[in-house]
Every structure is written in C-alpha cells, then in structure tokens.
Amino acid sequence: MKKIAVVGAGQMGNGIAHVFAQTGYPVNLIDVKQEALDKAYATISKNLDRQIAKGTLSEEAKASTLANISLCTDMASACADRDLIVEAATENIDLKLKIFGQLDSFAPAHCILATNTSSISITQIAAATHRPQLVIGMHFMNPVPVMKLVEVIRGYSTTDAVSQQVTELSKAIGKIPVTVNDYPGFVANKILMPMINEAICTLYEGTAGVEEIDTIMKLGMAHPMGPLRLADFIGLDTCLSILRVLHDGFGNPKYSPCPLLVNMVMAGKLGDKKGEGFYNYADPKNPVVAAAFQKS
Ligand SMILES: NC(=O)c1ccc[n+]([C@@H]2O[C@H](COP(=O)([O-])OP(=O)(O)OC[C@H]3O[C@@H](n4cnc5c(N)ncnc54)[C@H](O)[C@@H]3O)[C@@H](O)[C@H]2O)c1
C-alpha cells in the first residue's frame with residue numbers, strides 16, 4: 001500500500017494524514033468543506049512545529065511531510081489511484097454508508113477501505129460496498145500523532161490478508177495495532193464511554209461539580225485527564241453517537257445517554273471544537289469551567 005487518502009479533515013483526519021505523510025506516504029486529504037481542509041493543514045503545520053521545538057523533527061522533514069499532503073474537495077478524482085482510503089468523517093451512520101457507497105465506486109478494485117469510526121458496525125459499513133472483504137476498521141486514538149494504539153477491527157467478511165496488511169501498515173507508521181472483533185463500541189469505547197456517561201450523570205445528579213469529578217478521577221485513578229475534560233476533547237456529539245450505538249446494539253439501559261449530554265449536544269456545546277462544553281476554551285491553553293456549571 002503506497003498511496004493513501006483520508007476522508008474528513010476534522011480533528012482525527014488531520015492527525016491521520018499527518019502520521020502517514022510524515023512516514024513518507026503521499027496523502028490526499030478530502031473534505032466537503034475547503035475551510036476544514038485549510039484548518040487541518042494549519043493544524044498539521046503547527047503540530048510539526050511542536051515536534052521541531054522538542055527536537056524530534058527537522059525543518060526538512062516538516063517540509064517533506066507537508067509536501068506529501070494534497071488537499072482535495074473532489075472525492076472522485078482524489079480516490080481514483082489510491083491503495084488505502086481511511087474514512088474519518090463525522091460519526092453518523094447514514095453519512096458513513098453514503099460515503100462508503102461513493103468510495104466503492106470511485107476507488108480502484110484493489111483499494112482497501114478503512115473506517116476510523118469509534119463505534120459503528122464495520123460489517124454494516126462494508127455491506128454498503130461491493131467489496132466487504134476489503135473493508136476494515138482502523139481506529140486511531142486522539143491526538144493521532146501522539147497516541148500509539150490503532151484498534152484494528154475485523155468485519156464479518158474482512159479477509160486475513162487485509163487484516164494482515166493493515167496491521168503491517170500500522171506498524172510501518174509507528175503505531176501499535178491490536179486486532180479485535182466487530183461488536184458495538186469494539187473494545188476501547190465499550191469501556192470508555194460508560195465511564196464518561198457516568199461522570200456526566202454524576203454532574204447531572206448534583207453529586208459533585210465539574211472540577212471535583214475531574215480532579216477525583218485524575219488524582220484518584222491516575223488518569224491523565226478527567227472524564228469531563230476528555231469528553232470535551234473527544235467531542236460531545238461523538239460521545240453521544242457512540243453511546244447510542246452501544247444502547248441500540250446491546251439493548252441494555254446501562255448505555256442510555258445522560259439527558260444532560262443530550263441537551264448539551266442539542267445546544268451546540270460540543271466541547272473543544274466549538275469552544276465550549278463542560279469547560280470554556282476562550283483561552284484554549286487555560287480552560288475554565290463553563291458558565292453553566294460554575295457554582296454561585
Ligand atoms: N474525536 C475523537 O477523539 C475520535 C477518536 C477516535 C475516532 N474518532 C472518529 O473519527 C471520526 C471523525 O471524528 P472527528 O472527531 O475528527 O470529527 P470532526 O467533527 O472533527 O470532523 C469530521 C469532518 O468530516 C467532514 N465531513 C463530513 N461529511 C463529509 C463527507 N461527506 N466527505 C468528506 N468529509 C466530510 C466534516 O466537514 C469535518 O471536517 C468519527 O467517526 C469519530 O467517531 C474520533
């Protein structure tokens with residue numbers, strides 16, 4: 001696999017394009033919005049500067065990484081000669097089914113179609129194509145350039161050869177792949193999301209405030225980030241979508257999303273990417289508890 005495309009240039013798409021480009025792969029980064037592409041390119045450039053400041057990257061390597069990235073809004077031409085396409089668009093089942101139908105018609109017959117979905121069935125996504133044996137989950141963690149894990153998810157029809165190729169490729173870009181089976185939430189989010197949901201319920205029930213909950217989980221459980229801060233970082237819309245997939249998939253009320261999370265998503269308070277969630281990010285380096293959760 002030599003030529004890569006990444007569909008969706010949001011927080012995950014820019015990170016995925018970054019790691020492939022930095023390890024020498026030409027990447028077509030595709031989005032429906034030119035502004036998302038421009039923002040992704042600026043983010044990648046800023047993150048490469050951070051690596052230079054740490055002494056882990058040279059100016060030449062930054063230039064060659066950026067030169068490997070092409071920004072595209074025309075999915076058809078951007079997929080025509082690719083060997084692997086990693087979809088990282090918004091976590092929405094209908095959108096993903098539509099995109100995979102399009103990718104199937106635009107990409108060459110040998111091209112592997114991977115999805116970075118956090119929870120949606122790989123088997124269902126694969127069924128939207130005529131090549132379910134070439135469809136696989138490649139679940140990167142956020143922030144992609146920093147986090148080592150790739151959860152590789154085998155759909156019902158994914159072949160051993162495809163799973164092997166994706167595993168080898170993940171290692172080639174400096175990641176540690178772990179292969180799992182295709183059930184709702186896979187492994188990472190089946191365990192993480194109930195904890196985040198429970199933290200939101202704890203706030204909703206008035207047991208403790210935002211800072212108290214996050215401090216207890218940081219100091220008490222040695223988590224690097226509290227669950228409410230992590231929910232903001234992931235995106236509250238993404239958290240809600242994952243919980244709905246778990247709830248629908250297992251039919252168990254323990255996955256029912258907290259009404260506070262539902263309300264916040266409806267109000268557009270999605271976390272870091274919208275400037276406010278449980279915290280306010282007017283100064284992104286010094287988030288403060290959002291006004292709605294400040295104690296009087
Ligand atoms: N946020 C996380 O921490 C995290 C972690 C692992 C996996 N994921 C998964 O990664 C995927 C992307 O999440 P994100 O946080 O980067 O979302 P995001 O909202 O930051 O970005 C999504 C991008 O997809 C683009 N998009 C929407 N429709 C499109 C289309 N038809 N074609 C091309 N681009 C389109 C949007 O314009 C946007 O730029 C989701 O499936 C999510 O579940 C997220």
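Helices α8 and α11 are roughly perpendicular to each other, the class used for angles of 65 to 115 degrees, whereas angles under 35 count as roughly parallel, over 145 as roughly antiparallel and the rest as oblique. Helix α8 (residues 188–204) packs against α11 at about 115 degrees, and their axes are 10 Å apart. This is a predicted model, in which local features need pLDDT of at least 70 and side-chain atom pairs count only at pLDDT 80 or more, while totals for chains, interfaces and linings use all residues. Residues are numbered from 1 along each chain as its sequence is written.

**Helix packing**

- Helices (H or I, at least four residues) and strands (E, at least two) are DSSP runs, numbered from the N terminus.
- Axes are lines fitted to C-alpha atoms, for helices over the stretch in contact, and angles run from 0 to 180 degrees between N-to-C directions.
- The crossing of α8 and α11 is left-handed; this term applies if the near helix is turned anticlockwise from the far one by less than a right angle, and right-handed applies if clockwise.
- Helix α11 (residues 236–250) and helix α12 (residues 259–266) have axes that come within 9 Å and cross at roughly 130 degrees, which makes α11 oblique to α12.
- The crossing of α11 and α12 is also left-handed.
- The axes of α1 and helix α2 (residues 34–54) come within 9 Å, with a crossing angle of roughly 55 degrees; α1 and α2 are therefore oblique to each other.
- The crossing of α1 and α2 is right-handed.

**The sheet**

- Eight strands form an open sheet in the order β3-β2-β1-β4-β5-β6-β7-β8, with mixed pairing; two strands pair if DSSP finds at least two bridges between them.
- At the edges stand β3 (69–72) and β8 (176–181), each with a single partner strand, so one side of each has no neighbour in the sheet.
- On average, neighbouring strands of this sheet are turned by 25 degrees against each other, direction ignored.
- Strand β4 (residues 84–87) pairs with strand β5 (residues 112–115) in the parallel sense over four bridges.
- Glu-87 has Thr-115 in β5 as its bridge partner.

**The ligand shell**

- Around the ligand there are 28 residues, of which Gly-8, Gly-10, Met-12, Ser-118 and Asn-142 come nearest; a residue is near a molecule or strand if its C-beta atom, placed from the backbone, lies within 6 Å of it.
- The elements giving two or more residues to this shell are α1 (11–22), α5 (93–106) and β6 (135–140).
- Helix α1 provides the largest share, three residues.
- The shell divides into 12 nonpolar, 12 polar and four charged residues; Ala, Val, Leu, Ile, Met, Phe, Trp, Tyr, Cys and Pro count as nonpolar, Asp, Glu, Lys and Arg as charged, and the others, Gly among them, as polar.
- The ligand lies between domain 1 (4–181) and domain 2 (189–288), because both give residues to the shell around it; the domain bounds come from an automatic or database domain assignment.

**Backbone exceptions**

- Most residues other than glycine have a negative phi, and most peptide bonds are trans.
- The peptide bond from Asn-142 to Pro-143 is cis, with omega near 0 degrees, and Pro-143 lies in the loop between β6 and β7 (149–154).
- Phe-186, although not a glycine, has a positive phi of about 55 degrees, and Phe-186 is placed in the loop between β8 and α8.
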